[in-house]
Amino acid sequence: MIARPDRDEREYDVVVVGAGGAGIRAAIEAKAQGARTALVCKSLFGKAHTVMAEGGIAAALRNVWKEDGWDVHFRDTMRGGKLLNSWRMAQLHALEAPDRVLELEEWGAMFDRTPDGLILQRDFGGHRYARLAHVGDRTGLEMIRTLQNRAVELGIDVLMECTMQRLLVDDGRIAGAFGYWRQTGRFVLLRGKAIVLATGGAGKAWKVTSNSWEYTGDGMTMALDAGADLIDMEFVQFHPTGMVWPPSVRGILVTEGVRGDGGTLKNRDGERFMFRYIPEFFRAETADNEAEADRWYEDKKNNRRTADLLPRDEVARAINSEIKAGRGSPHGGVFLDICTRRPADYIRRRLPSMYHQFKELAGVDITKEVMEVGPTCHYVMGGVRVDADTTQSTVSGLFAAGEVAGGMHGSNRLGGNSLSDLLVFGRRAGLHAALHAKDFGGRLAADRAQLEAIARELLEPFTRSGNENPYAIQADLQEAMQDLVGIIRTETELRHALRKIEALKDRAKKVRIGGGRTYNPGWHTALDLQSLLTVAECVTLAAIERTESRGSHTRDDYPKTDAEWGKANVVVRQKNGTIQFTREPLPEMPAELRGLLEEKK
Amino acid sequence: MRVFRGDASRGSFREYRVETDQGMVVLDVIHRIQATQASDLACRWNCKAGKCGSCSAEINGKPRLMCMTRMNTFAEGAPITVAPIRAFPLIRDLVTDVSYNYEKAKTVPPLRLKPPDPDGRYRMMQEDIDRIQEFHKCIECFLCQDVCHVIRDHDLKRQFAGPRFFIKVAALDMHPLDTRNRTEFVAREAGIGLCNVTKCCTEVCPEGIHITDNGIIPMKERRADDYDPIVWLLRKFRGQRPEPA
C-alpha cells in the first residue's frame with residue numbers, strides 16, 4: 001500500500017478538533033462570530049467523554065446559597081489546586097461560569113429545580129456551598145446534547161469519525177491539520193486559519209481508568225510536535241470512587257454526588273475513616289467527627305463540612321492508605337454507603353444513573369447494599385500552556401480548551417469544575433480563534449512533500465516486517481503506568497517507568513496490523529499508541545522533576561509540600577525530537593485576589 | 001461467540017472461542033477478540049457503562065447495547081451471535097452507517113423561548129419538567145430506530161423521522177417556555193402517521209423511556225385533535241395552543 005494523493009481537502013477559518021463540551025462550545029462561538037467553522041469528532045457526534053460526566057456544572061448562581069459568589073468559587077478552586085492554578089484562569093472561570101450555565105438553559109437544558117423554579121445546586125467535594133447545577137446524575141449527557149442541538153441549529157460542519165494526527169505549521173503559525181476518516185481510512189487535510197484543540201485528556205495510559213478509548217492524548221502530542229509548551233503534566237487526577245467489582249467494570253465512575261447527597265466512605269471495620277485523614281490545609285473548615293458531619297447536611301451555617309467531601313486528591317490518598325493497611329473491602333476497594341443513609345426513593349431520584357449502573361453491571365441494588373469503590377484514573381490537570389484570556393498556546397493561531405489545556409486546575413481539579421471549564425474556555429477559544437482568523441491576511445500554505453511524508457508514516461503499520469500487536473503494547477503501557485506512575489510515586493519507580501516506556505516505544509515501531517484501511521481499529525490503536533507513549537513520557541519526566549508532594553502528585557520520597565515548588569510550573573517542550581523540561585515561575589497574583597484566599601469563617 | 005465479519009458487499013458469521021472472566025459483558029468479549037485474534041474487528045464503543053449509546057448491536061437477534069449485556073445471562077457454552085444493527089447500511093463488521101439519524105436531527109424545528117421573567121431569570125417547576133427529563137435520558141443508541149418497522153422493513157427513511165425524533169419533538173413541545181408549534185412538522189416531514197404503534201421501540205430502549213405511551217401516542221392524539229372540528233372550535237373559543245410557527 002503506497003501513499004497516493006488520496007485525500008480530501010477542505011478550507012475553513014476555524015477548525016475545532018474534538019467535539020466534547022469544550023469543542024462544541026468553541027465551534028458554536030466561532031460560528032456565531034461568522035467564521036467558517038469545522039467541528040471534528042473522533043467518534044460519532046455526541047458520544048464524547050463529556051456524555052459520561054455525572055455530577056454537575058460548578059457555577060456560583062446563588063440559587064441555593066446567597067452567600068456564594070465568584071470570589072468564593074475562585075477561592076475554593078485555588079485551594080483545591082493547592083494554589084498552583086493559573087490565577088487568571090481561575091478568576092475568569094469563576095466569574096463567567098454562571099452566564100454559561102444560564103445560556104445552556106436558554107438553549108434547552110433542563111436542570112433540576114429549586115422549589116421556586118430556579119436551577120437547583122448540589123454539594124460536591126471542595127466546594128464551600130452547594131454549587132453544582134445538575135440533572136440527576138446525568139448532567140454531562142444533558143450538557144452535550146444541548147450543545148449538540150445548538151450546533152445543529154447553527155448549521156456547523158460536523159466531521160464525524162475523523163481523527164487528526166498532525167498539525168501543520170507554516171512560518172511559525174498554524175496552517176491546518178492532517179488526519180484520516182475512520183470509516184474509509186481516506187486521508188483528510190483541513191486547512192484552517194486558526195485551530196482549536198479540544199481533544200480531552202490521556203487517561204487511557206492507565207489500566208484502571210474512567211476514560212474511554214478516545215483519551216489517548218492526541219491533542220497534547222500534536223501541540224508538542226507543533227512546538228507548543230505543555231505544563232503541569234505530573235498532575236493526573238485519580239477519582240476516589242470508581243467501581244472495583246466485577247473486574248470488567250473496574251474503573252467506571254461513581255459520581256461524587258453520592259457523597260454530596262449523604263453517602264459515606266467506610267472501611268472493612270465499618271469505620272468512617274475520612275476523619276483520620278483531614279490535612280492541616282483544610283482542618284479549619286472540615287468536621288472532625290461524625291455528629292458534626294451529619295449535622296452539616298442539614299445545617300451548613302453552623303457546622304463544618306463532612307470529611308467525605310474533601311477534595312479528590314485527599315480522598316483518593318486516604319482510600320489508598322486504607323486498602324494498603326488491610327482495611328479494604330473484599331475486592332480491593334472500600335465501601336461507599338448511601339443505602340443506610342437515605343431512603344430508597346430519594347436515591348433513585350437523585351442518582352438514577354448510579355442505581356441503573358450498579359444494578360445492571362454489578363448486580364448490586366444501591367438502595368439496599370453498599371457499593372465497593374476505589375480510585376480510578378480520571379483527569380489530566382496538565383496540558384497545553386495557554387494564555388488565560390485568549391486560550392492561545394505558544395504557537396500563533398493554535399488555541400486549546402478543556403482537559404487538553406493546562407493551568408486552570410493547578411495540582412488538583414475540584415469536581416464540577418470541569419464542565420464549567422469546558423463552557424467558559426470553550427467559548428473563549430472559539431471567540432479568539434475566530435478573531436485570529438479574521439486578522440489573518442496571508443495565504444494558507446501546505447508543503448506537499450511534508451503531507452506525503454506524514455501519509456507514508458501513518459500507513460507504515462500495514463507494511464512493516466515486525467509482528468508486534470498494538471493492543472498488547474497498550475496493555476503493557478497501562479500496566480506500567482498503573483504500577484509505577486500512579487497515586488504514590490518514588491524516583492526509583494518513575495525511572496523504572498521511563499525505561500519501560502523507552503522499550504515500549506521501540507516495540508511500537510514494530511507494530512504490524514492486518515486488514516485494510518476501512519474502519520480498522522487495529523490500525524487506529526497503532527496510531528493512538530504514539531500519542532499515548534508521548535504523554536506517558538511527559539507525565540513521568542515531569543513527575544521526576546517535581547520533588548515535592550502537592551495535590552494529585554504524591555512523592556513517597558518527598559512527602560512534604562515545598563513552598564518553593566509552589567511558585568513554579570514544570571514546562572515540557574520538544575526540541576530536536578527529544579522532550580525537555582524546565583522549571584518556570586508562576587505569574588504573580590494581584591494583591592486583591594490574594595486577599596480572597598485568606599481563611600474565612 | 002459467532003461474530004459477523006464483512007462489509008456491504010459480502011460477509012458471514014465467524015466463530016471465535018474466548019475464555020471469559022467473572023462479570024464480563026459482550027463488549028469485553030469483542031475487545032478480547034480484537035486484542036488476541038482479530039485486530040481489525042470493527043466495532044464502536046465509548047463509555048462501556050450504558051451512557052453513550054455507541055455499542056448497539058443485535059445479540060442473538062435482539063437489538064441491545066453490548067456493554068450492558070452480561071455474559072452470565074447466557075447459558076454456559078451456548079453459542080452467542082453478535083451482528084450489526086440491520087436497519088442501516090453496513091460499513092464493516094459491527095459498524096453501520098447511522099448518518100440517516102444525524103440528517104433527521106437537522107430537520108427538527110428548534111426551541112423558541114418566550115422572554116424571561118422581569119428579573120431576567122427563567123422559572124420552571126420540577127413537576128413540569130419531570131416528563132421532559134424522561135425523554136432527555138435518550139442516549140442516541142438508535143436501537144429504537146433499528147427496530148421500527150417503518151425504517152427497518154419498509155425503508156421509508158425519506159418520509160419518516162423515527163421514534164428517537166418523535167420523543168425529541170415531544171420534549172421540545174412539552175418545554176414550559178417554548179413557543180413554537182411543531183404539529184405540521186410532525187405530520188408532514190416527520191411522518192408520524194406511518195407509525196402503527198407496535199411499541200417495538202419502547203421494548204428495546206435501554207434507558208426504559210416510554211417512547212410510545214408518553215411520547216408518540218399523545219402526539220398522535222394531538223394531531224388527531226387538530227383535525228377534529230369540534231376540538232378545533234373549542235380551542236379557538238378558549239384560546240389554547242399557540243399559532244403555528
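Val169(A) stands opposite Ile174(A), a residue of strand S8(A). The model is predicted, with local features requiring pLDDT of at least 70 and side-chain atom pairs counting only at pLDDT 80 or more, while totals for chains, interfaces and linings use all residues. Residues are numbered from 1 along each chain as its sequence is written, chains are lettered from A and ligands numbered from 1 in the order in which they are written, and side-chain values use heavy atoms, leaving out hydrogens and water.

Strand S7 (residues 162-170) of chain A is joined to S8 (residues 173-181) by eight bridges, and the two run antiparallel. Helices (H or I, at least four residues) and strands (E, at least two) are DSSP runs, numbered from the N terminus; two strands pair if DSSP finds at least two bridges between them. Seven of the nine residues of S7(A) are buried (under 20% relative accessible area with a 1.4 Å probe, protein chains only). Two residues separate the strands of this hairpin, and Asp171(A) has a positive phi near 55 degrees.

An open antiparallel sheet is formed by four strands of chain A in the order S15-S10-S19-S20. S15 (383-384) and S20 (578-585) of chain A are the edge strands, each with a single partner, so one side of each lacks a neighbour in the sheet. S10(A) (residues 230-231) is joined to S15(A) by two bridges, with Leu230(A) opposite Val384(A). Helix H5 (residues 218-225) of chain A lies across S10, S15, S19 (568-575) and S20 of chain A, at about 65 degrees to S19(A). Helix H16 (residues 521-545) of chain A lies across S10, S19 and S20 of chain A, at about 40 degrees to S20(A).

Two helix pairs are tabulated below. Axes are lines fitted to C-alpha atoms, for helices over the stretch in contact (heavy atoms within 4.5 Å), and angles run from 0 to 180 degrees between N-to-C directions.

| Helix pair | Angle | Axes |
|---|---|---|
| H15(A) and H16(A) | about 160 degrees | 10 Å apart |
| H3(A) and H12(A) | roughly 90 degrees | within 8 Å |

H15(A) is therefore roughly antiparallel to H16(A) (angles over 145 degrees). The contact of H15(A) with H16(A) comprises 12 nonpolar, two polar and five charged residues. Nonpolar covers Ala, Val, Leu, Ile, Met, Phe, Trp, Tyr, Cys and Pro, charged covers Asp, Glu, Lys and Arg, and polar the others, Gly among them.

H3(A) and H12(A) are therefore roughly perpendicular to each other (65 to 115 degrees). Their contact has seven nonpolar, three polar and five charged residues.

Definitions and conventions. Parallel < 35°, antiparallel > 145°, perpendicular 65-115°, else oblique. Buried < 20%, exposed > 50% of the residue type's maximum accessible area, 1.4 Å probe, protein only.
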